[in-house]
Amino acid sequence: MSRAAGFINNNVAKNNNFVSETIVSQNLRGLKSEARLEELFFGLRIRNLLAICIQETWRTPDTLKNGNCRLFLAGLKKEDMKSNRGEQGVGISLSEKGAEAWKEAGSILHD
């Protein structure tokens, strides 16, 4: 068992208020199609994740919604891209629970 897992297990046993959430990071190598977007949101739900931090989205800045999940994208604007396939781009996808926490925190977006 890892040191972190031992710490978490010991704290759960001592403190019933301890809550563990999972955040994942993934290089997507492109998030251009609707099918890939659906797969991302499906992954949030089926794996019970709080958030997914994504890289290489190849998308322009945008905010998307799927049910109660959210996806916040940052990237190059179309006029700044050097290729037609897209390039760069990062994002954070929040599960329903993550989106609710963001809403309760004031729903702040930074440019």
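This is a predicted model: local features need pLDDT of at least 70, side-chain atom pairs count only at pLDDT 80 or more; totals for chains, interfaces and linings use all residues.
Biologist: In which helix is glutamate 96 found?
Modeller: Glutamate 96 belongs to H3, residues 96–104. Helices (H or I, at least four residues) and strands (E, at least two) are DSSP runs, numbered from the N terminus. Leucine 50 lies 46 residues from glutamate 96 in sequence, yet 7.9 Å away in space, C-alpha to C-alpha.

Biologist: What is the order of the strands in the sheet?
Modeller: Strands of a sheet pair through backbone hydrogen bonds, parallel or antiparallel. Here 5 strands form an open sheet, ordered E1-E2-E5-E4-E3, with mixed pairing. Two strands pair if DSSP finds at least two bridges between them. E1 (23–27) and E3 (62–66) each have a single partner strand, so one side of each lacks a neighbour in the sheet. From one strand to the next, the twist averages 15 degrees.

Biologist: How many bridges join E2 to E5?
Modeller: Antiparallel E2 (51–55) and E5 (90–94) share 5 bridges.

Biologist: Which strands does helix H2 touch?
Modeller: H2 (34–46) packs on the sheet, touching E2, E3, E4 (69–74) and E5. Its direction makes about 125 degrees with that of E4. Axes are lines fitted to C-alpha atoms, for helices over the stretch in contact; angles run from 0 to 180 degrees between N-to-C directions.

Biologist: What volume has the largest pocket?
Modeller: About 300 Å³. A pocket is an open set of points on a 1 Å grid over the protein atoms alone, where a 1.4 Å probe fits, with protein on both sides within 12 Å along at least five of seven lines; lining residues have an atom within 4 Å of a point. Points join across faces, edges and corners; volume is the space filled by probe spheres set on them. Of the 13 lining residues, Gln26, Leu28, Glu39, Leu40 and Arg47 are closest to the centre. H2 gives the most, with 5 residues.

Biologist: And what volume has the second largest pocket?
Modeller: About 250 Å³. Thr63, Phe72, Leu73, Leu109 and His110 are closest to its centre, out of 12 lining residues. E4 gives the most, with 3 residues.

Notes
Residues are numbered from 1 along each chain as its sequence is written. Side-chain values use heavy atoms; hydrogens and water are left out. Contact means heavy atoms within 4.5 Å.
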